[in-house]
Amino acid sequence: MAPLTPAEQEQHQALLDRLDIAQVPRPFRNPNWKPSQRRNKNVKQLISESTRKEASVMATQSNSGATTPLPATSASTDGSQTPADGTPRTNIAQAAQNLSTLVLEKNARAAFTSGPAVTYTNIESAPSLHPSQQTRYCDITGLPAPYTDPKTRLRYHDKEVFSVIRTLGQGVPESYLELRAAHVVLK
């Protein structure tokens with residue numbers, strides 16, 4: 001190709017400048033965009049908010065008039081304060097809440113006599129036996145295991161782990177099953 005003359009170079013540069021899209025102003029946002037009216041919170045905000053709420057509830061329960069006696073000099077007869085002479089007055093709302101909790105726990109214990117008592121107020125309960133909660137993991141790698149070897153009954157993640165399982169020596173698959181508490185001892 002023959003070299004361009006200065007006039008052709010200027011004409012070519014003018015054409016490039018006219019077709020250059022980098023010079024076209026592009027706003028960052030769509031001019032019709034409006035922010036959402038709903039405010040989304042991140043996990044940190046949700047946790048701190050719930051912790052703050054629980055702390056305030058615990059503070060009001062532990063510092064209520066039902067638990068803190070006042071000195072005998074400022075005795076009140078309107079029922080809002082606890083006298084210091086040892087005759088406690090109970091907060092009726094707290095007593096009703098505690099009573100309803102106790103009734104719920106007693107009914108739950110009567111209905112389910114075997115195993116630990118499962119109530120809304122305790123977290124000690126047996127693991128779920130529902131099939132959707134039973135996630136199976138590979139006996140070799142610990143990754144999720146969608147497959148089971150029919151010969152050794154070991155769970156595996158993929159074909160590479162399957163080839164490793166097939167090369168295991170005598171008695172090794174039984175030790176893996178024993179770790180999972182799935183071994184069978186025949187007498």
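**Notebook: a predicted chain**

I began with burial: of the 187 residues of the protein chain, 9% count as buried (buried is under 20% relative accessible area, exposed over 50%, partly exposed in between, with a 1.4 Å probe and protein chains only). The model is predicted, so I noted that local features need pLDDT of at least 70, that side-chain atom pairs count only at pLDDT 80 or more, and that totals for chains, interfaces and linings use all residues. Residues are numbered from 1 along each chain as its sequence is written, and side-chain values use heavy atoms, with hydrogens and water left out.

**Layout**

I looked up the secondary structure and found 5 helices and 2 strands (DSSP runs numbered from the N terminus, helices being H or I with at least four residues and strands E with at least two). Along the sequence the pattern reads α-α-α-β-β-α-α. I then checked contacts (heavy atoms within 4.5 Å). Of those with a separation of 6 or more, 16% join residues 24 or more positions apart.

**The annotated span**

The UniProt record, an unreviewed entry, places the feature "domain: Vps72/YL1 C-terminal" at residues 136-165. UniProt positions are given in the numbering used here, feature names are shortened, and annotations may be inferred rather than shown by experiment. I found the end C-alpha atoms of this span 17 Å apart, with 23% of the span in helix and 13% in strand.

**Core**

Which residues make up the largest nonpolar core? I listed 7: Cys138, Ala145, Leu154, Tyr156, Val161, Ile165 and Leu177. A nonpolar core is a set of buried Ala, Val, Leu, Ile, Met, Phe, Trp, Tyr and Cys residues joined through side-chain atoms within 4.5 Å. I followed Ala145 and set aside its neighbours within four places in sequence; its contacts are Arg136, Tyr137, Cys138, Arg155, Tyr156 and His157.

**Salt bridges**

I counted 3 salt bridges (a side-chain nitrogen of Lys or Arg within 4 Å of a carboxyl oxygen of Asp or Glu). Side chains of opposite charge can pair when their charged atoms come close.

- Glu49 and Lys41 meet at 2.6 Å, N to O. Glu49 is partly exposed at 35% relative accessibility, and Lys41 is partly exposed at 35%.
- Asp139 pairs with Arg180, the closest N and O atoms being 3.0 Å apart. This pair links distant parts of the chain, 41 residues apart: Asp139 is in the loop between helix H3 (92-111) and strand E1 (147-148), and Arg180 is in the segment after helix H5 (172-179). Asp139 is buried at 16%, whereas Arg180 is partly exposed at 23%.
- Arg166 and Asp149 meet at 2.7 Å, N to O. Arg166 lies in helix H4 (residues 159-166) and Asp149 in the loop between E1 and strand E2 (155-156), so the pair ties together parts 17 residues apart in sequence.

I noted Arg153, in the loop between E1 and E2. Its phi is near 65 degrees, a positive value in a residue other than glycine. Arg153 is partly exposed, with a relative accessible area of 40%.
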